[in-house]
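Please keep the sequence and the model in view while reading.

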Amino acid sequence: MNKRHIFSFKPVGLLLFPFIAALLLLMIPSGGLFAEPPPMIEEWVAMRDGVRLYTRVFLPDPDVWGPGPYATLVSTTPYRVGDPGKPPGQWPDHAVNGYAFVYQDHRGRYASEGVWTRYNDGKDGYDTIEWAASQSWCNQKIGMTGGSALGIATYLTAAENPPHLVAIMPSIASADSQNNSSFQGGSLKWETSLGWILYVVPGLSESHLASLGMTPEEIAAEKMANALATGDVFGHLGTTPGTTAVDSQTWMTLPLSDVLGLRLTGFWEDYLHDYAVQNEYRDQYNVWDRINVPALHVGGWYDLFSRGTLEAYTKISAAGVPDQKMFMTYGHHMIMSDLIPPDLTYQWFDYWLKGIDTGIMDQPVIDYYLMGADEWRTAEQWPPAGVEYATFYLHADGMLSTDFPNRKASSETYFYDPNDPVLTLGGRNLFYPAGPMDQQTVEPPYRNDVLVYSSNVLHEDVVVAGNVKVFLHASSDALDTDYIAKLIDVHPDGTAINILDDVIRARFRESQQYEVLLNAHQKYEFTIDLGDTAHLFKTGHRIQVDISSSNFPGKDRNTNTGNPLYVQDTAEDAVVAANTIYHDLYHRSYVVLPILNGNTRTLNATLGDDPKPSLLDQDIFQFFGKKGETVVMRLDARPWQNGLDKKATMMLWDRTHRVRLFEWDRSKLPNVIKVTLPATGEYHIVVAEQPGWGFWRKYRGDYSLTLEASWETCQTLAPTAWVE
């Protein structure tokens, strides 16, 4: 059995700060000791602009692997490769496994020269790979790997297309890192951004500090401010009163640009002032369309870069780049180093760099861990073949179901106070407690600013595998606000485990590239992209969606004022927003779930594609059902806003007995037919427009036809004829 399929994964508790570095870095694991290890080669490798970066080279044991030259692996890091002149106590695993290993501090970090600028990691990576290729110990077949910031540097380097880079294996990283690590849905991922930047300030090199134009006294004062702020932040990572982010002066600082201890970066205030909107700075970190080497993308469902891993794999694959594979495991960022089997690395690189047929390219394209089922599955694409998208509506009574909402269903208003935010409990965090956690303490009756929508108890297992989106019709009395959605698995004992969550900042509802403030009380549709997951909702559980306007400190707090983000509003400036969610037929709110084994299937088509009016326009679909089976057919407009109150015909024919069972002729969209099938056999659903009957009220446009039945029956639904 493949070793990576038999791991047992369990969440861990809050990590102590002294150990954060070791868990965060996902440094290359250390291997066994040589009796007399080869000497560690130290170089300050010159980049194209003359800046020299501190670099270590570890070579394999020649008694085991021969005299070389060797296939080579490269990792570059902002987290310190070690003190010059002091080799590690253990040789890195890459060298133990027969690779020359090049390990380098990023520019402006620790022993490297230059000014710290993360985007330069790609160009520096190019120069380092080409330098390695020119060395006598390298056979000119080079791979690049690493996790977290090292993985981001791998993507950036691959986008520069160094000639000697053969393959990459980035883990828990992103090829669009600003939009995955810092900004999402128009908000700032606060715990990730603040925690990480505070954490990395002490690693700034002397050359970086010298570039700031500050006196030694000013630098010393800033280092002290950084130490105090870091202690405050990492001292408030708990979930009990007194230990949470809302109890921390630093976490709660407003405006965000006033956080102390970050001046030494040289960019913090500019970062917040200039990059809230998608612009050239953020665009330059989006490099997936420039990558054209074989890649094994490794991630975890609760990792802060889970979206980045999925996007990199799907987009690079869709661009036609061959030899892309993905490995998605359980777990969050801090424990991922324990969840990635070491043999995976060498199966991949032994194949591409050493020419060894390890079998990895004969295995399925994707290995993914199905949470809830606690099992590994494989797929040849993402989402997996067979996924159908089911729409679950948020109803005024708190139900979550596939039934269309009532035409005049009531709305629900809650009040969001930025100075009393909903606390983050688990999720895709970096430093704050991450992973699956019970959400009950941030739901009613403990919070009155969270709306909860739950399905009936499931009578069969439901596998969700793919991207999840929530669509809200909502309004606010504020100029700007946030809407946050969570997908939750409610266990029979009431435990409510978070699966996905994310946000849309109202001013960015149209685009991340520009801002449009709200008109008070005007209804808008908001899309919240929760990202991807693979999760089994078990029989006896319930599917739940929570809606609120804060998730702190996972996301920064919207002050609701509409003022420039991050640099202006204080706690006193923040205003309470009255936010309303709508549930009626004309203003639907719903979640779309990618279900792998579901009892619905939706087909999309266009009615009236002939521009000339015709006396008959019919789309015919067939399915095969069983006697006594209850089926539901729903006809809806796509986009449905343009079809409401328009008229279309939906009919159901029993083809075995040639009997018309139901007909909704000239009825307003959406239409629903629910029937118990009288016989086992073939049935036809007819969707029709008949212009002779009030043509101006007919619906001619995109529509969706959804069949809700048994899984077996749904698999038979298919279009069969088009009549005009």
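## Salt bridges

The structure holds 23 salt bridges, a salt bridge being a side-chain nitrogen of Lys or Arg within 4 Å of a carboxyl oxygen of Asp or Glu. The model is predicted, so local features need pLDDT of at least 70 and side-chain atom pairs count only at pLDDT 80 or more, whereas totals for chains, interfaces and linings use all residues. Residues are numbered from 1 along each chain as its sequence is written, and side-chain values use heavy atoms, with hydrogens and water left out.

Three of these pairs, among them Arg307 with Asp529, are set out below.

| Pair | N to O distance |
|---|---|
| Arg307 and Asp529 | 3.4 Å |
| Arg507 and Asp480 | 2.7 Å |
| Glu708 and Arg634 | 2.8 Å |

Arg307 and Asp529 meet in a salt bridge; this pair links distant parts of the chain, with Arg307 in helix α12 (residues 306–318) and Asp529 in strand β20 (residues 524–537), 222 residues apart. Helices (H or I, at least four residues) and strands (E, at least two) are DSSP runs, numbered from the N terminus. Arg307 is buried at a relative accessible area of 10%, while Asp529, at 26%, counts as partly exposed; buried means under 20%, exposed over 50% and partly exposed in between (1.4 Å probe, protein chains only).

Arg507 and Asp480 also form a salt bridge, and both residues are buried.

Glu708 pairs with Arg634, joining strand β31 (residues 701–708) to strand β26 (residues 630–637) across 74 residues. Glu708 is buried at 18% relative accessibility, as is Arg634 at 7%. Finally, salt bridges with shared partners join Arg307, Arg428, Asp502 and Asp529 into one network.
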